[in-house]
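Biologist: Could you walk me through this model, starting with the ligand?
Modeller: Gladly; have a look at it here.

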Amino acid sequence: MTSEAIKRLTQQYVMNTYGRFPVALDHGEGATLCDPEGREYIDFTSGIGVSALGYGNQPWAEAIAAQVQKLGHTSNLFYTEPPAKLAELLCKRTGESAVFFANGGGEANEGMIKLARKYSFDRYGRGRSTIVTLENSFHGRTITTLKATGQEVFHNYFFPFTEGFRYARANDLESLKAQDQGDVCAVMVELVQGEGGVLPLEKDYVKAVEALCAEKDWLLLVDEVQTGVGRTGTLFAFQQYDLLPDVVSFAKGIAGGLPMSGILANEKCRDVLGPGMHATTFGANPVCAAAGLAVQEILSDEFLKEVREKGAYLRRGIEALDLPCFGRTRGLGLMIGVEVKEGWTNKDIANRLVENGLLILTAGPGMRLLPPLVITKEEMDKGLAIMKKILA
Ligand SMILES: *Cc1c(COP(=O)(O)O)cnc(C)c1O
């Protein structure tokens, strides 16, 4: 099918809930994608932080093919090998204690919220169920995680939302303490706010939040749906913040492009949810888990070091272009935000770049770059050259 035919069919039969770029994609190699007509695009998006290994990755594709030929799905009423091995790896590489697998980021966060409320219920009974999240956060699109999201624009249309969320200003411990009305059970944060604009939390603040949580017996919940799985240059961002969260959620990059998510809990929290209390039909799917194992295989310490180096290279490259529309860059690893100067709009800039062969994201008022972690220097240079040509 041609790009035009795909677009027409989509517009006729798929609900119009996404602000799409006018581009259809067909195949790819590394961090380079092609449309059906063979036009090339350098990818600084990874399908919103998902395709960590880029496109056409052979070990990943072979792991999926081998597993799908053996067994595609069994339900969680039986044991299978791939999710058990993936859970073991994730625990051993993080110091966490046990995993619950789900399918998407919002769903993983729902599990984290349920776990926190159950933990508090077990110890203190009812009435201690409020979760404090941060202003400008993003935690998902379910009725509950929309309310957990600390941005008013998301609290619309779908009333009534789930009760029990309050919001504190990021990097402001007093603002968090002010939310303590005796009913709090947990604090939930993104260590680098993703959708909000690629805003890393300050390390001192995060350590102070951890100490406050320990003092009050609030659980520290970290949403690593976007920051996890190597994106920031360590397997999880919390490892750069010197933390061991009580519970941490992951999704996007975990299976390199297949739908999978989950939560990791520490020793204190691993048994809070018992049989029958939490479940999902597709969770721990063996094909997704086999893909996840292929991702873990590639994310060695050496590879993660290269992610940090590539992130630094790309940020330096963008700043060196000294484009009239861009200010400073920020971020961690290959999760990069670029400030857009007054008088310019990030959506217009993104449209112009995409039209000219560079796929890029926006977040908050700025640009956001989440390239595949396997992106090469040549591909980064091609992307920078497109920026220079189009935006100088
Ligand atoms: C993307 C994202 C989510 C939602 O994930 P879905 O898979 O779209 O449900 C939640 N939290 C953060 C931090 C995200 O970046």
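Biologist: How far does a backbone N or O atom of Gly-106 lie from an oxygen atom of the ligand?
Modeller: Happy to say, with a caveat: this is a predicted model, where local features need pLDDT of at least 70, side-chain atom pairs count only at pLDDT 80 or more, and totals for chains, interfaces and linings use all residues. Residues are numbered from 1 along each chain as its sequence is written, and side-chain values use heavy atoms, leaving out hydrogens and water. A polar contact here is a pair of N or O atoms within 3.5 Å. For Gly-106, the backbone atom and the ligand oxygen are separated by 2.7 Å.

Biologist: Which residue places a polar side-chain atom 2.7 Å from an oxygen atom of the ligand?
Modeller: Phe-138 uses a backbone N or O atom, 3.4 Å from a ligand nitrogen. The side-chain atom at 2.7 Å from a ligand oxygen belongs to Lys-252.

Biologist: How much of the ligand's exposed area does the protein bury?
Modeller: Accessible areas come from the Shrake-Rupley method with a 1.4 Å probe. Alone, the ligand exposes 390 Å², and the share buried by the protein is 78%.

Biologist: Turning to the open sheet, which residue in S15 is the bridge partner of Ile-42?
Modeller: The sheet has four strands in the order S1-S2-S3-S15, with mixed pairing; strands are DSSP runs (E, at least two residues), numbered from the N terminus, and two of them pair if DSSP finds at least two bridges between them. S3 (residues 40–43) and S15 run parallel, joined by two bridges. In S15, Ile-42 is partnered by Leu-358.

Terms used
A polar contact is a pair of N or O atoms within 3.5 Å; within protein, one must be able to donate a hydrogen and the other to accept it, and residues adjacent in sequence count only if both atoms are side-chain atoms.
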